[in-house]
Amino acid sequence: MAAKGIGRRNFISTLTAASIAGMVPSGVFAAQSGRQAGKLAALGGQPVRPAFKKWPKWPYVDDRMVEEVVKTTKSGIWSRIQSPVNGAVASFEKQFAGMTGSKYCIGTGSGTQALAICVEALGIGPGDEVITSPYTDFGTISAILTSRALPVLADLDADSYQLDPADVRRKITPATKAIMPVHIMGLPADMDAMMEMAKEFNLKVIEDACQGALARYRGRALGTIGDLGCFSFQASKSIACGEGGAIVGNDESLMDQCYTVHNHGTNRKGKHVAIGPKNRMNEFEAAILNGQLPTATERFRLRNRNAAYLTSKLKGFPGLVPQRQYAGTESGGYYNYAMSYKKEHFHNATRQQFLKALAAEGIALSPYIPNGLHREPWIDHILELDEYKKMFPAARLREYREAARHLSGCDQVCSEMVVLPGSAALIAGTSDMDDVIRAIMKVHAHREQLTSL
Ligand SMILES: Cc1ncc(COP(=O)(O)O)c(C=O)c1O
């Protein structure tokens, strides 16, 4: 990169909009230079992206999906137990197991349900602890609370937004039974480190791959590295059916246990043998997925291509730093294309001012999760419940409360995050990606105007 040979601080301070623009192929910036000369759209200038240019619609719908739903409707097979081998759910499970390279798959009603089923099936419950991320959908935490275990929050690596292995290690206690790494944005967590720790401390690993369908790490699909892996097919996800989820795994008896739990404690032979909710995927959800899976890999590849393109354009630009990826990452689910906003490179404008200016240019990025889950009221709620007071020594709960106040990596991530939602935007064309970069660079070029917004 151009910075070679000069100090980083020097390099940054000598950057100009023109030199940053020069870091990317001239075609992109040549086309925008005229517009860049003008004002920010937020201050009356011409927007980079005209309003008539639309992003792909989400959720994705095609004729094959509609046909599958019609077929299921007409068949009268509306519940998986009506056709355990040939129904839509069974067919989805076979396909998704094949796509992830896992031996078994169980469809569920949501990603949250999938995670909660795994916790219960592993025999984790009152008095046990599960270490997970504070930067996730609340479904991750809720899945641990459902079995009345204690969700222990470890801090993040502020560059990858994933669990920091060193803090996970610090958070292990004699009560820890499992780690639940979240592949946030659909990019792989540091699974080498997670699996090593799991081995060392004899812990189970439940991968929260809810955002990471089809992504791969060291030759394996996310969700197939730990003991069990979970996916979400909620409407915003890159493979979607409204609400839906799946568990994948290779251990037959553990997956049978997951089946039993998800089937209100009734096993595959119809015997009522355990405790469990009724969390079965329904045939209509599976029908939508069955219509969608044949083309899902195409869209997955496109997301990865567009993400790599954006990353190449942002290379060396210090104002927005794309999510760090671990060695071993082969591809990502790209639920979001995520970047850290460095305000010092935008004339100290707030992230809100930056996003406002960008939105006026026709590019809507989002701050995503506003607060880490350690800042939400559920912690005080559970600590006041008799059940948690009975299950854990008071000293442990005090220490737990205090530890959850100090997750500075997560706080930093929450304050710097900006995302381009990946499911729809990342299946758009290269010229749409160019619009994103042009808008960012235009706003950067006019950064001294941002603080007046
Ligand atoms: C990382 C993560 N975990 C868990 C979930 C929960 O999945 P669902 O919404 O399908 O219950 C989601 C969904 O947003 C998620 O993004």
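**Aromatic contacts and the ligand shell**

Both Phe92 and Phe96 are buried, a term that stands for under 20% relative accessible area, whereas exposed stands for over 50% and partly exposed for values in between (1.4 Å probe, protein chains only). The model is predicted, so that local features need pLDDT of at least 70 and side-chain atom pairs count only at pLDDT 80 or more, while totals for chains, interfaces and linings use all residues. Residues are numbered from 1 along each chain as its sequence is written, and side-chain values use heavy atoms, with hydrogens and water left out.

Phe92 and Phe96 form a stacked aromatic pair, with 5.6 Å from centre to centre and 20° between the planes; rings of Phe, Tyr and Trp (its six-membered ring) pair if their centres lie within 6.5 Å, and planes under 30 degrees apart count as stacked, over 60 as edge-to-face and the rest as tilted. Phe96 also pairs with Phe233, and this pair is edge-to-face because the planes stand at 90°, with the ring centres 5.4 Å apart. Ring pairs link Phe92, Phe96, Phe231 and Phe233 into a cluster.

Around the ligand there are 15 residues, of which Gly111, Thr112, Asp208, Ser232 and Lys237 come nearest, where a residue is near if one of its heavy atoms lies within 4 Å. An oxygen atom of the ligand is 2.8 Å from a polar backbone atom of Gly111, and a ligand oxygen atom lies 2.6 Å from an N or O atom in the side chain of Lys237. A polar side-chain atom of Thr140 is found 3.2 Å from a nitrogen atom of the ligand.

Definitions and conventions. Polar contact = N/O pair within 3.5 Å; in protein donor to acceptor, adjacent residues only side chain to side chain.
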